[in-house]
Amino acid sequence: MSRKAPSAHHLTAADQPNLWLPYTQMQTAPFPVEAVSTSASRITLADGRELVDGVAAWWTACHGYSHPHIHAALVRQAERMPHVMFGGMVHEPAIRLAARLAAMLPGDLERVFFTDSGSVAMEVAIKMAVQYHINQGTEGRQKILSFRGGYHGDTLGMMSICDPEEGMHSLFAGVLPEQVLADLPVDAASLAQLEALLAERGDSIAAIVTEPLVQGAGGMLFHDPEVLRRLRKLCDRHGTLLILDEIFTGFGRTGTMFACEQAGVVPDIVALSKALTGGTMALAATVARQGVFEAFLSDNAGHALMHGPTFMANPLACAVANASLDLFETEPRLEQVAAIAAQLSRELEPCRTLPGVRDVRVLGAIGVVELETLDNPDALRRAFVERGVWIRPFRNIVYLTPAFTIKPEELTRLTTAIVDVLREAA
């Protein structure tokens, strides 16, 4: 029995016939806009409107949409071999991509395990860390230490190491493995607390996990590179592995190719995704230092890493990722990020004087306006669409993470929309 169609003015996401949307209360959220094409930093909607994209498809489309070099690589690989299993078989796009990532990353981060999403890359990272200790005969190191404000994905394993107050993760408290949660060591007091925690429980901790420089989905919370240096020293002192989640920060977003470079720190394991393919295909990688990898080499078959996603190292995705890395080598991406940072700092500064604004901060191609409260992000989103921009507020922040190739006038359109909408809301 069909229900009566609601008025066009009262459509909600629940009226979308079949889709179940992410992070959306379908009962109350407005009906979603429909995208039909993308190009550079523009999204064209089904009704003909064109939006300047301020979030680069959830932080992935670093080169803009539909870059011709990436598109050409995709077509060539699709004609040759779109997919083949990676169990007992390898292929050139994956071999080449792994070698290039190893050469780009600091230190001896040399062993690349491919997956198809950031959450799974982090699942593999913590699995590696726990098994690393098991393979070496160390008993009891089965916990992961993570930090308040952190976010590492929505799978059950990842929810166990996210901030329990973040989003819906607290709903699953009785299901999730119990891990260890602490405050980031951003000052003397929090460092002392972490040192005391490790002194008490360090022999049960397999790895410390954090997002370097920016806790993204936790609210675009920035911290100094010194925090990473402190964590590296603590891990070395307590025999604990350091895992860095560079899924958001990797590939230039913070102003260097990898955020950990700004601290001069080499993690034991790093997870990469999002901008790895320039926002074109699903692909992720977990990269381990040589010493971690060697702990899995043995005559004992049980010491192998028993993990293998069906679409790991998908040739199409690897070919696209190689094309994305080409662009970092041939086009001035980091210079573009520096220019974006300067423009964001200048053009978001007027927000600081608006009522209800708590902070304005910029790091690389990340611009954040933090509000005291944000009660109706959907209303702000609609106001932005009306101004021809795609900006997706969440928690208590309005933020920009544009493509590195965005034109200055397009970035100005985004920043002006934020200033105007927040001023009107105030």
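Helices (H or I, at least four residues) and strands (E, at least two) are DSSP runs, numbered from the N terminus. This is a predicted model: local features need pLDDT of at least 70, side-chain atom pairs count only at pLDDT 80 or more, and totals for chains, interfaces and linings use all residues. Residues are numbered from 1 along each chain as its sequence is written, and side-chain values use heavy atoms, with hydrogens and water left out.

**Binding-site residues**

An unreviewed UniProt entry lists Trp58, Tyr151, Lys274, Gly308 and Arg392 under "binding site". They span 335 residues of sequence and are spread in space too, up to 33.9 Å between C-alpha atoms. UniProt positions follow the numbering used here, feature names are shortened, and annotations may be inferred rather than shown by experiment.

Two of these sites compare as follows. Buried means under 20% relative accessible area, exposed over 50%, partly exposed in between (1.4 Å probe, protein chains only).

| Residue | Relative accessible area | Class |
|---|---|---|
| Tyr151 | 19% | buried |
| Lys274 | 25% | partly exposed |

Tyr151 sits in the loop between β5 (143-147) and α5 (156-159). Lys274 lies in the loop between β11 (269-272) and β12 (284-289). Beyond its neighbours within four places in sequence, Lys274 is in contact (heavy atoms within 4.5 Å) with residues including Trp58, Trp59 and Phe248.
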